[in-house]
Structure formats: structure tokens, C-alpha cells
Amino acid sequence: YAETITLTFASGVLISVTQSLTVTVGAKAKLAVVTNAANAQGGDVFGTQPVIAVKDAGGNTVVADSSTRVTATASGGTGTLSGTVAVQCASGIATFASLSYDKAERVSLEFSSAGLTGISQLIDVAIGPPKKLSVDTPASGSSGAAFNPQPAIAIRDRGENKVATDTTTVVTVALAAGTGSLTGTTQATASLGVATFAGLTYSKSEQITLQFTSSALTSTSQTFVVTLGAASKLMITVQAAAATGGSAFGTQPKVAVADSGGATVTSDSSTIVTVSASGTGTLSGTLVATAASGVASFSGLAYSKAETVTLTFAKAGLTPATQNLVVSVGTASKLTMSTSASGATGGVVFATQPVVAIQDAGGNTVTSDSSTTVTAAPAALVGSTQKLASNGVAAFSGLSYNTASTITLTFTAGSLTSTGHSLAVTVGPAAKLTVSVQAAGAAGGSVFTTQPRVAVQDAGGNVVTTDSSTVVTV
């Protein structure tokens, strides 16, 4: 040691002699630990920082030394020593202030300085308190289906060590990037330092970012691509619209083949979709459509009756899609016999007069029409052969036909499709007498050379050939 000592020299019975000697501090030769590092937790600054002395060969602190630079390193571990790892001594003492080590393990701290004998210290680094989150198991999956696997989030100390004792931290997940919907249980509680989610599902096929947070802990996130799922259902992307009876819909429907999350399966160009309709009318047009890039586009669909109808789009194995559609009465397109004329005898008003409806292409009466004039033929008809519609119906009255024969009644109105029917006009009851052969060659007192003949006729001038009982007096 560096101090003043007394040397005593002796030999048997001889009188001894002494000498006072001052031992001074020698040249710096080695390093020694004054204060061991302690209270170490992963990633946190050591609670007790190491203090290293510069010593001479005898172990005396070289207090005159303020130039030696001492460097700290870690060996025997898998982690990293951080902080200010090289400090300059003052009065022979190097005091560290910010050293930390990330991994929870036993590690040797090595202190060295060029030309001096180094020194080391073993230290056990413990797991620290929760500081941040990290993705332990990344999520993966397809749209509309539960992720497989579900994300698992680790609770870690500052040094990235899993805090396996944590069973209370609650982690929340939210969608940070994406245009769809994240559903399922969006909170999970840690067990053995890991919060594992369950039932998370995303609605679309696209790249998304999930953000995981928990109160004061540093958050973490995961970005991944949610893939397209298998075809699961049909979805109407364009609804049928502008529907009037018997005419092709103004807007034809389009139906997507979608996965369970509602994403269009764009790789599908083979699925055949069939459409049907409820109601009392008839759905016409091309009732099947094949998907192209996941979408089946219909064309030429029309429905006959003016009513509310349900369109159902179906494909075996897929969930069908439906749409309610209001089919309105269209514009006037054709004439239709509402009531056919009947009970026709020569010269007598038809017992049943014809009634003609103005209809759209689907056969629905255009009740809003009170302007169309309907004309009846043939020209030999007797009575008013033109009739103005009222609420879509032209009801004739007073029509008759003289000659007993089968005729064709035809009804027309401008560009509308005409209608008509055949009508048998029969001989009616006796109504009048008509001279069919006039008397001639008359000389006083002599029989007429040509005797008169008188026919019994109906009102239309048809001879009642069945009459053999009428007595004619002249």
C-alpha cells in the first residue's frame, strides 16, 4: 500500500536498527471494481452503475490519473450492452452512468483499458416491467373468414424480453389502414405474457394494417394482405330498374360471385347464374348469365305484369341474392279484346257489344289512356265505328251488321298492334216483307202473266228460310 512504514532490521542478540520509509503510489497497472453493477432489468439502465478504479501494481488507486479511458463490454450473453460504454476516469475513478443490457440472462461485464489488466463482473439481468407490445404470432387469412392464425401479441420489457408473469394487460386491436370492416373480439387479455385474439375477421381482400395498443405501453402494428376467399354467395352489384310491363328493364341487373366477406371473386369466369321471378306474370329474356371476372351481367330481361315482383339470382352451392322490383304499366303498345262481340243477327244491334283494351307490351291495361280512338271494321258495320278510350278501355255500342255471314271484326288505333275476332251473323227473326218478284202482264179480267212473290226477311234483309208458317195477304 502507499503509506509511510517503518522497516526494522534485527539479528539475534545484536541491537536492531529501524528506518522510516514512505511508499508512494506507483504507475497505473490494473483496473479494479469499486462498485458492482446491480439491479439490472432487460433494457433498463442498471439501478446501480459500475464504478471502476485505476490501480497500481499494489492495488492503490492512482488518484493522479484523470486520463485513462475505461471501456465496458459484455460477454457470455446473446444481448447488447447499451449506454455510454467508455468513460474517462477522474482522480483514478471511472464512473459509468447509463449502462443497460437488453436480454434477461447472466452476462459478464468486462472492463478494459489499453495497457492495463482488465477486470470483469457477473451480473444477472432480470425481466423488467411491461414497456411495449410486439407481434408474437402474425395474423393471416382471407376476406370474410376468421383469421387463421389469429394475431397473438407479446407484452415485453424495454429489452424485448417477454413478461411471462403478465396476466392482466388488455390489448386492443383496431384497423389502421384498409377500406373494409374489422369484426370480432377486438380486445384480448394477456396470459403468460401473450394476448391472443379470437374471431377476428376482415371483410375485403386488400392490404391492411392492424394497430395493437394497451394504455401506456408502446404500440405495435402488422401490415399484411387479406387474400380473396372461395366463392360463397351471390351479391347484386347493379339492381334491375326502370321496369314496365313487357318491356326490357331500362337497367339490367348485374350479380357478383363473392366470397363470404363480400369481395368479388374476380378469378371466376365460369359460374352460371340463373334468375327467376315470383308473381303472377312471366319473366322473359335471357334467364342465365355466365360470370366474367366474377360478375354475371344479364340482358334483355322483361316482366309481363304490372306488380311488385321478387327477382331471385341463384347458383347451386352459393347463397342466393334477391331484389324486389316494382313493374309499372308501360306505354300503350297494342289493342286487346276485353269483350268480344256476340249475339249477332242480321240488322239487329249485337247483343254483346265489343270492348277493346289499350295495353302495354306486357298486356297491362293503360288505365291512364283516355285519348286513343279505336276504329272498328269492316266498313259495312252499321253504327258508330269509332270509340274514344276511357281509362284505357274503348267500349262500343250500337254496332250491327246486315248480311248473315261470318265476318272478321278488326279494331285499329294508329301505330298500336291491332286486334279482332271472327263473328257469325245469323238470320234473325222475321221482321219485314219484301217483293222478290213483281206482278206483271196484267190485263183486265185476266190472270197476271207474272205472279208476285213476297219474301219474309229479318231486319237485315236476309230471307228467313226457316219460316213456313207466315200467311201473306195481298
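Colleague: What makes Asp136, Arg156 and Lys162 a network?

Modeller: Asp136, Arg156 and Lys162 are linked by salt bridges. A salt bridge is a side-chain nitrogen of Lys or Arg within 4 Å of a carboxyl oxygen of Asp or Glu. This is a predicted model, in which local features need pLDDT of at least 70 and side-chain atom pairs count only at pLDDT 80 or more, while totals for chains, interfaces and linings use all residues. Side-chain values use heavy atoms, with hydrogens and water left out, and residues are numbered from 1 along each chain as its sequence is written.

Colleague: How do you know that Lys162 and Asp136 meet in a salt bridge?

Modeller: The N to O distance between the side chains of Lys162 and Asp136 is 3.7 Å, and the limit is 4 Å. Lys162 lies in the loop between β13 and β14, and Asp136 in strand β12, so the pair ties together parts that are 26 residues apart in sequence. Strands are DSSP runs (E, at least two residues), numbered from the N terminus.

Colleague: Why is Asp136 called partly exposed?

Modeller: Asp136 has a relative accessible area of 33%. Buried means under 20%, exposed over 50%, and partly exposed in between, with a 1.4 Å probe and protein chains only. Asp136 therefore counts as partly exposed.

Colleague: Why is Arg106 called exposed, and what does Arg106 meet in a salt bridge?

Modeller: Arg106 has a relative accessible area of 52%, so it is exposed. Its side chain meets that of Asp124 in a salt bridge of 2.8 Å, N to O. Asp124 is in strand β11 and Arg106 in strand β10, 18 residues apart. Asp124, at 47%, is partly exposed.

Colleague: What makes β25 and β29 edge strands?

Modeller: Four strands form an open sheet in the order β25-β23-β28-β29, with antiparallel pairing. β25 and β29 each have a single partner strand, so one side of each is left without a neighbour in the sheet.

Colleague: How does the radius of gyration of the chain compare with that of a compact globule?

Modeller: The chain has 56 Å, whereas a compact globule of 474 residues would have a value near 23 Å. The radius is taken over C-alpha atoms, and the globule rule is 2.2 Å times the number of residues to the power 0.38. The C-alpha atoms fill a box of roughly 225 × 35 × 35 Å along the principal axes.

Technical notes
Two strands pair if DSSP finds at least two bridges between them.
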